Amino acid sequence: MVFLVIAIIAGLLGITGVMSIAIEMAWILFVVGLILAILFWVIGRRPPPI
């Protein structure tokens, strides 16, 4: 979320280099978080080992 806010502020100020780096970092962190959320959801649905 922080990188997305930085990207928006940099975009408004016209600093495109900072904006593009912040957008890439925000996208990578979003994808990693989504993968981890799906992974933990799948692991949590398995019955406990006997």
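Phe-40 has its place in helix H2, helices being DSSP runs of H or I with at least four residues, strands runs of E with at least two, both numbered from the N terminus. The model is predicted: local features need pLDDT of at least 70 and side-chain atom pairs pLDDT 80 or more, while totals for chains, interfaces and linings use all residues. Residues are numbered from 1 along each chain as its sequence is written, and side-chain values use heavy atoms, without hydrogens and water.

The protein has two helices and zero strands. Its radius of gyration, taken over C-alpha atoms, is 17 Å, well over the 10 Å that the globule rule gives for 50 residues, so the protein is more spread out than a compact globule. That rule is 2.2 Å times the number of residues to the power 0.38. The C-alpha trace spans about 60 × 15 × 10 Å along its principal axes.

Of the 50 residues, 8% count as buried, meaning under 20% relative accessible area, with exposed over 50% and partly exposed in between (1.4 Å probe, protein chains only).

| Residue | Relative accessible area |
|---|---|
| Phe-40 | 55% |
| Pro-47 | 68% |

Pro-47 lies in the segment after helix H2 (16-45). Its C-alpha atom is separated by 42 Å from that of Ile-21, 26 residues apart along the chain.
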